[in-house]
Amino acid sequence: MLTGDTNDEDVSLFDAEEDAGNRSQKIVNRHPVASFFHLFFRVSATLVYLLCELISGSFIASMVTIILLLSCDFWTVKNITGRLMVGLRWWNQVDDDGKSRWVFESRKGTGKQQVLDSESRIFWLGLIVCPAIWGIFAFSTLFSFKIKWMPVVIMGLVLQGANLYGYVRCKVGAKTSLKNMATNYFGRQFLKQALSKEEES
């Protein structure tokens, strides 16, 4: 279990899946239902937002539908698809003394079921693209002066952004600063580019 503050231990949350990892068949998608629902709620909320004025004239019905879809998406991604598709899980825990503690877990070890590339791509693509779309919606709502839609757009941005943040922290490790990770990545890219230019000359 990776926590934001203290512990750094392996936790076996995925015992039920260990036996399935020993199969020798090549499987394209081990969790098709999870993959479907990972994208279904996200895409549905986006489509309802885009088409709500054509489908329904009621702002309240559209708003409630979008918020329900976003809430279902948040719960599904946080509790089910992240664990099944990429072996990651996160949550916030409040201790007895009232301190909030973020817990980040990732599947570890060679005996555990390995993550499939196809499922991983579906998971991360959906996780990254949708908050970016809601960010675009936020700017378009602001600049088109459709202020009544701003709470809905902010809800979409916050819920999907929270899942993105939680899973990125799980992936890179809870103790790794995202700023340091970005700095190291760009430093490596700059070094690779400089070395490749030297080799060409």
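Helices (H or I, at least four residues) and strands (E, at least two) are taken as DSSP runs and numbered from the N terminus. The structure described here is a predicted model, in which local features need pLDDT of at least 70 and side-chain atom pairs count only at pLDDT 80 or more, while totals for chains, interfaces and linings use all residues. Residues are numbered from 1 along each chain as its sequence is written, and side-chain values use heavy atoms, with hydrogens and water left out.

The protein chain contains six helices and three strands, arranged along the sequence in the pattern β-α-α-α-β-β-α-α-α. Burial is expressed through relative accessible area, where buried means under 20%, exposed over 50%, and partly exposed in between (1.4 Å probe, protein chains only). By this criterion, 33% of the 201 residues of the protein chain count as buried. Contact is defined as heavy atoms within 4.5 Å. Among contacts in the protein chain between residues at least 6 apart in sequence, 72% join residues at least 24 apart. Accessible areas come from the Shrake-Rupley method with a 1.4 Å probe, and for residues only the protein chains shown count as cover. The protein chain exposes about 12,400 Å², of which carbon and sulfur atoms supply 63%.

Helix α2 spans residues 32–55 and includes V43. V43 also belongs to a nonpolar surface patch, formed together with L39, L47, L50, L51, L54 and I55, with about 680 Å² of accessible area together. Patches are made of residues with over 30% relative accessible area and no salt bridge; like charges are joined within 9 Å, and nonpolar side chains (Val, Leu, Ile, Met, Phe, Trp, Tyr) within 5 Å. V43 is partly exposed, at a relative accessible area of 42%.

Aromatic contacts were examined next. Rings of Phe, Tyr and Trp (its six-membered ring) pair if their centres lie within 6.5 Å; planes under 30 degrees apart count as stacked, over 60 as edge-to-face and the rest as tilted. A search of the whole structure finds 15 aromatic pairs. The ring centres of F36 and F40 are 5.3 Å apart and their planes meet at 20°, so this pair is stacked. Both residues lie in helix α2, four residues apart, about one turn of the helix. F36 is partly exposed at 47% relative accessibility, and F40 is partly exposed at 34%. An edge-to-face pair is formed by Y49 and W149, with 5.6 Å centre to centre and 85° between the planes. This pair links distant parts of the chain, 100 residues apart: Y49 is in helix α2, whereas W149 is in the loop between α4 (117–143) and α5 (150–172). Y49 is buried, with a relative accessible area of 13%, and W149 is buried, with 4%. Y49 and W149 form one aromatic cluster with F59, W134 and F137.

The loop between α4 and α5 also holds F145. Most residues other than glycine have a negative phi. F145, although not a glycine, has a positive phi of about 60°. This residue, F145, is exposed, with a relative accessible area of 69%.

Helix α3 covers residues 59–86 and contains T76, which is buried at 9% relative accessibility. Leaving aside neighbours within four places in sequence, T76 is in contact with F37, F41 and T81.

Charged side chains were considered last. Side chains of opposite charge can pair when their charged atoms come close. A salt bridge is a side-chain nitrogen of Lys or Arg within 4 Å of a carboxyl oxygen of Asp or Glu. The structure holds three salt bridges. One of them joins the side chains of R42 and D73 (3.1 Å, N to O). This pair links distant parts of the chain, with R42 in helix α2 and D73 in helix α3, 31 residues apart. R42 is buried, with a relative accessible area of 0%, and D73 is buried at 1%. Another salt bridge is formed by E105 and R89 (3.5 Å, N to O). E105 lies in strand β3 (residues 100–106) and R89 in strand β2 (residues 88–94), so the pair ties together parts that are 16 residues apart in sequence. E105 is buried at 5% relative accessibility, whereas R89 is partly exposed at 22%. D95 and R101 also meet in a salt bridge (3.8 Å, N to O); D95 is partly exposed at 28% relative accessibility, and R101 is buried at 16%.
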